[in-house]
Number of protein chains: 2
Amino acid sequence: MNIRNYTFDEFVERVKAFHGYEAPGVIIGGFMVDLAYRFLPEGWLLDALSETPKCLPDAIQLLTPCTVGNGWLTVVNVGRYALALYNKENGDGVRVFVDTDKLDPWTELKTWFFKLKPKKEQDTALLLSQIKEAGSGICGVQKVQVATQVIQRRRRGSLGVCPKCHEGYPLDDGPLCLACTGKELLYF
Amino acid sequence: MNIRNYTFDEFVERVKAFHGYEAPGVIIGGFMVDLAYRFLPEGWLLDALSETPKCLPDAIQLLTPCTVGNGWLTVVNVGRYALALYNKENGDGVRVFVDTDKLDPWTELKTWFFKLKPKKEQDTALLLSQIKEAGSGICGVQKVQVATQVIQRRRRGSLGVCPKCHEGYPLDDGPLCLACTGKELLYF
């Protein structure tokens, strides 16, 4: 019951080092990434999509070549605990999601997933043991075709210097950068 | 001229392992994170903001406890090559940006930054040596107060099961999840 090239315990150590603590979501995410790979042919150049910014992107970044910074991982927050790994050429891929119908036997896991009790009342040892035992058994798998707008989400195009902040910015954004126009309020 | 706890060469190796190749942007990002820390008191619990999804998030994830998945790193794409590290309690922090006025002595670096020639014509060895020599000398530093909407960007709230896809989703999003309403087109 490995997670890619790691044993369960090795992966938990990797999660602690990168994510800061043994987050249940990242560990489940590990099983999800592992499951997705089992349905993919070897040799594909893969991109990844995470449907939530919570935890799952870190499992993807730990177990695939895809990171946020290299652009091979896209995060779109639709709030579902699901990911897709897909061929970056044509969008063919595999989606893995948490199948809520399969959570019933795992009481502590289900309680955690649906946030049914406060974190401090959570039985972390039981939760982690249920995650380990359940593995990818709580997941579903689908073949998918990732939409073109996800594949082409990255902006290209020329850069200029914003006349207001004097920093480099994508000229496609208009005469000023999006921070200076106030479209995105970042600082007071 | 270290980058946090790494020598330059050690950091380049870390970048290759995580990001897939020795991306100029991640290496510059390393100097930027290092510079930000020099202006911050020890002991603050830090969150991070990246103003671009390109490269910089990976430098932050390699050199700080902040990752996309643990929520301590927020990426807002205003297309500026800048980051902020800030006190997660009150938003007080330090912003580091590439000061375009300081790029002139570094011809290959400036050419790369403004994408003035195609990647295949780029002199990668010269570019990396200019990055190493320039270090954080091409950067500016500002004290900032990060906006409340950035600090509170994460969604909390109750989860339910979407009646259409039967997956878990944040009930605040409405009667269906954002994927099923079509607000975000992810798959064909």
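Helices are DSSP runs of at least four residues, numbered from the N terminus. In this predicted model, B:Lys16 and B:Glu13 both lie in one such run, helix H1 (residues 8-19) of chain B, where they are three residues apart, about one turn of the helix.

## Salt bridges

Side chains of opposite charge can pair when their charged atoms come close. Over all chains, a search of the whole structure finds 19 salt bridges.

| Pair | N to O distance | Accessibility of the Lys or Arg | Accessibility of the Glu |
|---|---|---|---|
| B:Lys16 and B:Glu13 | 3.3 Å | B:Lys16, 35% | B:Glu13, 46% |
| B:Arg95 and B:Glu51 | 2.7 Å | B:Arg95, 2% | B:Glu51, 0% |
| B:Glu108 and B:Lys117 | 3.3 Å | B:Lys117, 31% | B:Glu108, 8% |

A residue is buried when its relative accessible area is under 20%. B:Arg95, with 2%, is therefore buried, and B:Glu51, with 0%, is buried as well.

The salt bridge between B:Arg95 and B:Glu51 links distant parts of the chain, 44 residues apart. B:Arg95 belongs to strand E4 (residues 92-98) of chain B, while B:Glu51 is found in the loop between strand E1 (46-50) and helix H3 (56-63) of that chain. A network of salt bridges also links A:Glu51, A:Arg80 and A:Arg95 with B:Glu167.

## The sheet of chain A

Five strands of chain A form an open sheet in the order E2-E1-E3-E4-E5, with mixed pairing. Its edge strands are E2 (73-75) and E5 (139-145), each of which pairs on one side only. On average, neighbouring strands of this sheet are turned by 20 degrees against each other, direction ignored.

Within the sheet, strand E1 (residues 46-50) and strand E3 (residues 82-87) of chain A run antiparallel and are joined by five bridges. A:Asp47 has A:Tyr86 in E3(A) as its bridge partner.

Two helices lie across strands of chain A. H2(A) lies across E1, E3, E4 and E5, at about 30 degrees to E3(A). Helix H3 (residues 56-63) lies across E1, E2 and E3, running at about 165 degrees to E1(A).

A:Val94 is placed in strand E4 (residues 92-98) of chain A. With 4% relative accessibility, A:Val94 counts as buried. Among the residues that A:Val94 touches, not counting those up to four places away in sequence, are A:Ala36, A:Phe39, A:Leu83, A:Leu85 and A:Val144.

## Helix H5 of chain A

In helix H5 (residues 124-134) of chain A, the buried residues include A:Leu127, A:Leu128, A:Gln130, A:Ile131 and A:Ala134. Seen down the helix axis, the buried residues fall within an arc of 160 degrees, so they line one face of H5(A). A:Ala125 and A:Glu133, on the other side of H5(A), are exposed. The buried residues of H5(A) pack against helices H1 (8-19), H2 (24-38) and H4 (107-113) of chain A. Just after H5(A), A:Gly135 takes a positive phi of about 55 degrees.

## The two copies

Chain A is superposed on chain B by a rotation of 180 degrees with 0.0 Å of shift along its axis, at an RMSD of 0.0 Å. The two copies are thus related as by a two-fold rotation axis. The same surface serves both copies, since 100% of the contact residues of chain A recur in chain B. Of the residues of chain A, A:Val68 comes closest to the rotation axis, with its C-alpha at 4.0 Å.

Note on methods
Residues numbered from 1 in each chain as written. Chains lettered and ligands numbered in written order. Predicted model: local features only at pLDDT ≥ 70, side-chain atom pairs only at ≥ 80, totals over all residues. Heavy atoms only, no water. Buried < 20%, exposed > 50% of the residue type's maximum accessible area, 1.4 Å probe, protein only. Arc of directions from axis to C-beta. Contact = heavy atoms within 4.5 Å. Least-squares fit on C-alpha atoms with pLDDT ≥ 70 in both. Pairing = 2+ DSSP bridges. Axes fitted to C-alpha atoms, helices over the stretch in contact; angles between N-to-C directions. Salt bridge = Lys/Arg side-chain N within 4 Å of Asp/Glu carboxyl O.
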